[in-house]
Amino acid sequence: MWLVLGAVAAVTSLPLGDGHVSYSTPKQGWIYLCAGGPGGGGGAVGGSTPWIHGSTFDPSAKPVVAGSVTWPNARISFTKVNGHVHVVGNGLPKSTPTGVFPIQPGTTAYQYDRNPNTIVAQTINWTLPIPKPASRPSCLTGGPIGIAVNGVPIFDALDALNRDGVAHEIQDSCGGHPQQQGMYHYHEITSCLPKTGLVGYALDGYPIYAGGGYTDAQLDACHGITVKGQYRYEATAAYPYTLGCFHGSPLKLPPPR
């Protein structure tokens with residue numbers, strides 16, 4: 001369903017991804033998660049979530065984290081060398097804002113999500129593999145699965161309780177928030193990124209595109225498709241939003257510090 005506001009159409013009903021997690025095999029429209037990860041603490045405050053209605057949720061009714069903070073020291077570069085993409089940055093959003101974190105008491109967002117974390121610059125110096133299919137798809141481990149063109153790490157769709165994080169957690173107006181080590185990240189491709197074309201790279205070197213108009217049923221279990229002989233991931237408005245698994249062999253990253 002779509003709510004039309006002037007010339008802007010807002011999505012008012014999306015399927016809730018809760019429970020669509022596999023620990024044994026990739027499944028179309030699910031996330032293939034490595035056993036035991038991530039899970040644990042964190043996540044939104046329990047209790048009432050009035051924008052969730054059974055098996056669907058209304059993203060237009062979710063509160064957002066207040067504020068519009070710019071980051072003039074943000075830096076990101078993508079350099080192609082011998083088939084690899086070399087990524088250098090500090091994890092801060094280039095030319096796009098964030099909300100105010102920690103989430104401030106007294107705001108609407110604080111009623112539902114009391115994220116206490118502060119956004120902290122990171123050290124990103126990644127040489128992504130040359131994209132090629134692995135012998136079999138591999139699971140997602142939590143933490144970064146890729147990086148957006150504005151320099152912000154992309155995580156999978158899950159929150160710390162392995163629920164649909166886009167539905168349950170409260171993000172800022174650009175769809176981001178920081179985790180415990182201060183790494184600001186997205187769980188989906190948001191309106192602050194290009195609406196069409198290249199929006200990022202996954203850790204296995206394959207590009208992530210948006211605006212193709214695909215549904216989960218048209219994409220493979222890793223949320224990708226081959227276009228003109230080239231494989232790529234396609235971001236969609238619905239769960240799992242970006243990747244369901246890795247089509248190639250991903251770069252192994254140390255845990256954020």
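**Aromatic contacts in the predicted model**

Tyr206 is buried, with a relative accessible area of 5% (buried: under 20%; exposed: over 50%; partly exposed: in between; 1.4 Å probe, protein chains only). The model is predicted, so local features need pLDDT of at least 70 and side-chain atom pairs count only at pLDDT 80 or more, while totals for chains, interfaces and linings use all residues. Residues are numbered from 1 along each chain as its sequence is written, and side-chain values use heavy atoms, with hydrogens and water left out.

The structure contains seven aromatic pairs (rings of Phe, Tyr and Trp, the last by its six-membered ring, with centres within 6.5 Å; stacked with planes under 30 degrees apart, edge-to-face over 60, otherwise tilted). One of them, Phe78 with Tyr201, is tilted, at 5.6 Å centre to centre and 35° between the planes. This pair links distant parts of the chain, 123 residues apart: Phe78 lies in strand E8 (residues 76–81) and Tyr201 in strand E16 (residues 197–202) (strands, E, are DSSP runs of at least two residues, numbered from the N terminus). Phe78 is partly exposed at 28% relative accessible area, whereas Tyr201 is buried at 9%.

Tyr206 and Tyr233 form an edge-to-face pair, 6.2 Å centre to centre with 85° between the planes. Tyr206 lies in the loop between E16 and strand E17 (207–210) and Tyr233 in strand E19 (residues 230–234), so the pair ties together parts 27 residues apart in sequence. Tyr233 is buried, at 0% relative accessibility. Tyr206, Tyr231 and Tyr233 form one aromatic cluster.

The charged end of Arg232 sits over the ring of Tyr209, 4.2 Å from its centre (CZ of Arg or NZ of Lys within 6 Å of the ring centre and within 35 degrees of the ring normal). The charged end of Lys27 sits over the ring of Trp30, at 4.3 Å from the ring centre.

Definitions and conventions. Helices (H or I, at least four residues) and strands (E, at least two) are DSSP runs, numbered from the N terminus.
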